[in-house]
Amino acid sequence: ELEHLTVSRGRGALRDLVAFMPRTARVRRGETFEEVAVETLGVDDRVVVSPGEKIPVDGIVLAGHSAVDQSRIT
């Protein structure tokens, strides 16, 4: 009973997190920007995230700075 409850809550939390994730990302290609599906991103793509936007993928910050609200994942 307790195990079932724990697994059920964990699955629900994962479903909520996946539903919250953006499906597209803005990618810089040369001097232009393209909106592409997250599934099509490559290792060397440069994703641009503006303040207030959801971060579509994990990565390394190459320029700029900001703060991130991590309350959804903690």
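**Terms for the views.** In these legends a residue is buried when its relative accessible area is under 20%, exposed when it is over 50%, and partly exposed in between, with a 1.4 Å probe and protein chains only. The model shown is predicted, so local features need pLDDT of at least 70 and side-chain atom pairs count only at pLDDT 80 or more, whereas totals for chains, interfaces and linings use all residues. Residues are numbered from 1 along each chain as its sequence is written, and side-chain values use heavy atoms, with hydrogens and water left out. Helices (H or I, at least four residues) and strands (E, at least two) are DSSP runs, numbered from the N terminus.

**View 1. Three strands make an open antiparallel sheet**. Read across the sheet, the order is S2-S1-S3; two strands count as paired if DSSP finds at least two bridges between them. Strand S2 (32–37) and S3 are the edge strands, each with a single partner, so one side of each has no neighbour in the sheet. On average, neighbouring strands here are turned by 45 degrees against each other, direction ignored; the axes are lines fitted to C-alpha atoms (for helices, over the stretch in contact), and angles run from 0 to 180 degrees between N-to-C directions. As a reminder, strands of a sheet pair through backbone hydrogen bonds, either parallel or antiparallel.

**View 2. S1 and S2 meet in a hairpin**. Six bridges hold this antiparallel pair together. Look for Thr-32 in S2, which is the bridge partner of Arg-29, and for Glu-34 in S2, which stands opposite Val-27. Two residues lie between the strands, and Gly-30 in this hairpin takes a positive phi near 70 degrees.

**View 3. On its S3 side, strand S1 (residues 24–29) is joined by three bridges**. S1 and S3 also run antiparallel.

**View 4. Arg-29 has two salt-bridge partners, Glu-34 and Asp-45.** A salt bridge is a side-chain nitrogen of Lys or Arg within 4 Å of a carboxyl oxygen of Asp or Glu, and the count by this rule comes to four. Between Arg-29 and Glu-34 the closest N and O atoms are 3.2 Å apart, while the contact of Arg-29 with Asp-45 is 3.5 Å, N to O. The latter pair links distant parts of the chain, 16 residues apart: Arg-29 belongs to strand S1 and Asp-45 to the loop between S2 and S3. Through shared partners, Arg-29, Glu-34 and Asp-45 form one network. Each counts as partly exposed, at 33% for Arg-29, 35% for Glu-34 and 25% for Asp-45.

**View 5. Glu-31 and Arg-28 meet in a salt bridge of 3.8 Å, N to O**. Glu-31 is exposed because its relative accessible area is 70%, whereas Arg-28, at 41%, is partly exposed. In general, side chains of opposite charge can pair when their charged atoms come close.

**View 6. The largest pocket holds about 1,600 Å³ of space**. Of its 38 lining residues, Val-49, Ile-55, Pro-56, Val-57 and Val-61 are the closest to its centre. Helix H1 (2–20) and strand S3 (46–48) are the elements that give two or more residues to the lining, and S3 gives the most, with three. By class there are 20 nonpolar, nine polar and nine charged lining residues; Ala, Val, Leu, Ile, Met, Phe, Trp, Tyr, Cys and Pro count as nonpolar, Asp, Glu, Lys and Arg as charged, and the others, Gly among them, as polar. A pocket is an open set of points on a 1 Å grid over the protein atoms alone, where a 1.4 Å probe fits, with protein on both sides within 12 Å along at least five of seven lines, and lining residues have an atom within 4 Å of a point. Grid points are joined across faces, edges and corners, and the volume is the space filled by probe spheres set on them.

**View 7. His-4 sits in helix H1**. With a relative accessible area of 58%, His-4 is exposed. From His-4 to Asp-45 the separation is 41 residues in sequence and 41 Å in space, C-alpha to C-alpha.
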